[in-house]
Amino acid sequence: MIRQSLKFRKTVTIVCVLSLIIFIFLILRRDKLNNIDIEGHQRLDNTQNIGYRDFNRMPKKDDNRQEAAEMEINNDEAKQELQEAKARLAQLEKKIAILEGRIPQKYPDVKYLGYKERKRILVTGGAGFVGSHLVDVLMTQGHEVIVVDNFFTGRKRNVEHWFGHRNFEMIHHDIVNPLYVEADEIYHLASPASPPHYMQNPVKTIKTNTLGTINMLGLARRVGAKILIASTSEVYGDPMVHPQPESYWGHVNPIGPRACYDEGKRVAETLAYSYAKQEKVDVRVARIFNTYGPRMHVSDGRVVSNFIMQAIQNLTITVYGNGKQTRSFCYVSDLVDGLLALMASSYILPVNIGNPVEHTIEEFAVIIKNLVPGCRSTVSTGAAVEDDPQRRRPDITLAHTHLHWKPKVSLQDGLQRTIDYFKEELSRTTFYNNQTYMDVKVKAPH
């Protein structure tokens, strides 16, 4: 609905601008015609008064040429004035867009909860890709949400549509340092998740997943909150078992380029269950497999974003390695549903959350190419990435049994929504504050 209103607003703006340009052009043309008519009448009046003695004063061919030259000059001046008017209108449109961004915005429709049902929920990494979608659902359910993010990979834009809402609070904070807030539930999602991001600063990644997790578990212990730790399929490393059940211990290189993330998450799981055993903290652990959808960072270096960006821009789609390695891709709304179901359940052991439909990377590149209209990209192979898992597919039996959860969004539908988002990101020239990428209703400000 919001996208339709934005498109309607853009259409109205374009029509108004074009109407104004045509109006200015007609005014200038009318003034010019009036001048020509006045000059013509003056010539006729002068001609009627011409006597025999004034015959030599009649206009000659040179005078006509001079008048034609003057008219041409006037036309050039009118064109220049019209171009200047267009430039001023373009500047005015940009200023209007900026002013619209400052107007108090409307919020997505939010359910009202009484004090008994309403929870105070902390989401670390809440301005990130997955975290922001989780925040949207929690807010629309009527809960009070506290988002904590240091914006290493997260963006304010992802949650900006909630700024000023009475149920929303944003804290710019790095969870490597202790945090003192009150909460009933904690979703601990803070950590870079794409290889280029977590390999950019491996020490920081390890600290976030160890010290940050200790701080969040300590907070949960102090305030008696239930906490969900976002783990990853990377704890299985390059698996020797396929598909991967939760009982599999993994095959991880502890000193490889991905170890800062893989081992950091493995330690986070160990910490969670140590706090559960020793301090009686109520913990949940979700092992998240490959996820995609709107609000992905366009340059995060993962398969989905790389292939879509290359296909939209008609660049070569690069497949690293032989393209036979497999992945399973889960749409972000399905993942959020799984996290909510896990938090609400009484199951305390790790649970795989992902889509069990498996594709080779080579197949995936062709699927994306076919979904982008007019794509002229070719698929080529590049050097293999070190420690890149060759097969990755979740066994979601536990999630289906204990959470009654399974993915709903098909790969085709999810990819189409993601492609539309990336196209819109590439075509943006101005920023509108209400571009939320949420399929929810909007109501008046609180």
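Trainee: Why is D174 called buried in this structure?

Mentor: In this predicted model, D174 has a relative accessible area of 18%, and since buried means under 20%, D174 is counted as buried.

Trainee: What makes K204 partly exposed?

Mentor: The relative accessibility of K204 is 22%, and partly exposed covers the values between under 20% for buried and over 50% for exposed, so K204 counts as partly exposed.

Trainee: How do you know that K204 forms a salt bridge with D174?

Mentor: The closest N and O atoms of K204 and D174 are 2.1 Å apart, and because a salt bridge requires a side-chain nitrogen of Lys or Arg within 4 Å of a carboxyl oxygen of Asp or Glu, the pair qualifies as one. This pair links distant parts of the chain, 30 residues apart, with K204 in helix α5 (residues 202-223) and D174 in the loop between β4 (168-172) and β5 (185-188).

Trainee: What makes the contact between E358 and R391 a salt bridge?

Mentor: Their side chains meet at 3.7 Å, N to O, and the cut-off is within 4 Å, so this pair also counts as a salt bridge. E358 lies in strand β13 (residues 358-360), whereas R391 lies in the loop between β14 (379-382) and α10 (397-403), so the pair ties together parts that are 33 residues apart in sequence. E358, at 22% relative accessibility, counts as partly exposed, and R391, at 41%, counts as partly exposed as well.

Trainee: Where do E263 and R266 lie?

Mentor: Both lie in helix α6 (residues 259-278), three residues apart, which is about one turn of the helix, and their side chains meet in a salt bridge at 3.3 Å, N to O.

Trainee: How many salt bridges are there by this rule?

Mentor: The count comes to 14 salt bridges, and E234, R258 and R392 are linked in a network of them.

Trainee: Why is D334 called buried?

Mentor: D334, which is found in helix α8 (residues 332-344), has a relative accessible area of 2%, and because the limit for buried is under 20%, D334 is buried. Leaving aside residues up to four places away in sequence, D334 touches W405, P407, K408 and V409, and the side chain of D334 reaches the backbone nitrogen of V409 at 2.9 Å.

Trainee: What makes C330 and C375 buried or exposed?

Mentor: C330 has a relative accessible area of 0% and C375 one of 15%; buried means under 20%, so both C330 and C375 are buried. As for disulfides, the structure holds zero.

Definitions and conventions
Residues numbered from 1 in each chain as written. Predicted model: local features only at pLDDT ≥ 70, side-chain atom pairs only at ≥ 80, totals over all residues. Heavy atoms only, no water. Disulfide = S-S within 2.5 Å. Buried < 20%, exposed > 50% of the residue type's maximum accessible area, 1.4 Å probe, protein only. Helix = DSSP H or I, 4+ residues; strand = E, 2+ residues; numbered from the N terminus. Contact = heavy atoms within 4.5 Å. Polar contact = N/O pair within 3.5 Å; in protein donor to acceptor, adjacent residues only side chain to side chain.
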